[in-house]
Amino acid sequence: MLEGKNIVIGVSGGIAAYKAVEAVSRLVKAGAGVDVVMTENAMHFVDPLTFRTISERPVVTGMFDEPKHWDVKHISLSRKADLIVVIPATANIIGKVANGIADDMLTTTIMGANCPVVFAPAMNTSMYENSIVQANIERLTELGYLFIEPDAGRLACGETGKGRLAEPSAIVEFIDRCLSATKELKGV
């Protein structure tokens with residue numbers, strides 16, 4: 001189901017960003033075209049060169065980067081995408097989108113989307129269980145955004161609990177199911 005699909009992977013600034021590299025690799029190996037959009041904070045965890053090498057495509061990192069050819073990048077990315085997936089989805093990015101804040105390339109791409117948008121949360125258990133974060137997740141779910149449940153286990157801070165990013169294989173399986181469901185809804 002992934003062959004020939006266009007997927008935008010948004011990478012936000014959390015330690016779990018390194019797992020997005022494996023997810024992109026799995027998607028490319030399955031035949032998907034993958035465009036990566038990184039927030040400024042994400043670049044503190046993984047270098048854009050890593051994603052560019054794995055995806056074999058330019059990586060979008062800034063709102064005002066000089067385009068290689070003329071287009072309004074956040075609109076062109078959102079229009080060609082069959083699916084947008086944020087790996088990892090931090091409390092910050094979830095909160096921004098839930099409240100209509102579009103102040104970087106990733107959030108503006110999400111706001112311009114006509115395709116399903118999936119969030120794969122990753123954060124400390126206390127943050128994930130915070131009533132504000134849960135309210136933001138609930139709001140986005142009510143608006144039709146999709147979420148991949150985080151795993152429970154050892155977190156980067158050394159604590160144990162729910163909030164660990166789902167494994168890349170599970171994320172790719174979820175993406176495949178989303179695209180299959182979208183195809184069925186369209187009657188293709």
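The chain holds eight helices and eight strands, where helices (H or I, at least four residues) and strands (E, at least two) are DSSP runs numbered from the N terminus. This is a predicted model, in which local features need pLDDT of at least 70 and side-chain atom pairs count only at pLDDT 80 or more, while totals for chains, interfaces and linings use all residues. Residues are numbered from 1 along each chain as its sequence is written, and side-chain values use heavy atoms, with hydrogens and water left out.

Let us begin with the chain as a whole. Of its 188 residues, 50% count as buried; buried means under 20% relative accessible area, exposed means over 50%, and partly exposed lies in between, using a 1.4 Å probe and protein chains only. Among the contacts (heavy atoms within 4.5 Å) with a separation of 6 or more, 72% are between residues 24 or more positions apart.

Now find strand β4, residues 83-89. This strand is mostly covered, with seven of its seven residues buried. Leu83, Val85, Ile87 and Ala89 point one way, Ile84, Val86 and Pro88 point the other way, and all are buried. While you are there, look at the peptide bond from Ile87 to Pro88: this bond is cis, with omega near -10°. Pro88 itself has its place in strand β4.

Which strands pair with β4? Strand β1 (residues 6-11) pairs with β4 in the parallel sense over four bridges, and two strands count as paired if DSSP finds at least two bridges between them.

Val118 has Leu146 in β6 as its bridge partner.

Two packed helices are described by the angle between their axes and the distance between the axes. The axes of helix α1 (residues 17-29) and helix α2 (residues 48-55) come within 9 Å and cross at roughly 15°. Axes here are lines fitted to C-alpha atoms, for helices over the stretch in contact, and angles run from 0 to 180 degrees between N-to-C directions. The crossing angle therefore makes α1 roughly parallel to α2, since angles under 35 degrees count as roughly parallel, over 145 as roughly antiparallel, 65 to 115 as roughly perpendicular and the rest as oblique.

Which residues make the contact? On α1 they are Ala17, Ala20, Val21, Val24, Ser25 and Val28, and on α2 they are Thr50, Phe51, Ile54 and Ser55. These residues divide into seven nonpolar, three polar and no charged. For this count, Ala, Val, Leu, Ile, Met, Phe, Trp, Tyr, Cys and Pro are nonpolar, Asp, Glu, Lys and Arg are charged, and the others, Gly among them, are polar.

Finally, look at Glu56, in the loop between α2 and β3 (59-60). Glu56 has a positive phi of about 60° although it is not a glycine. Is Glu56 buried or exposed? Glu56 counts as exposed because its relative accessibility is 68%.
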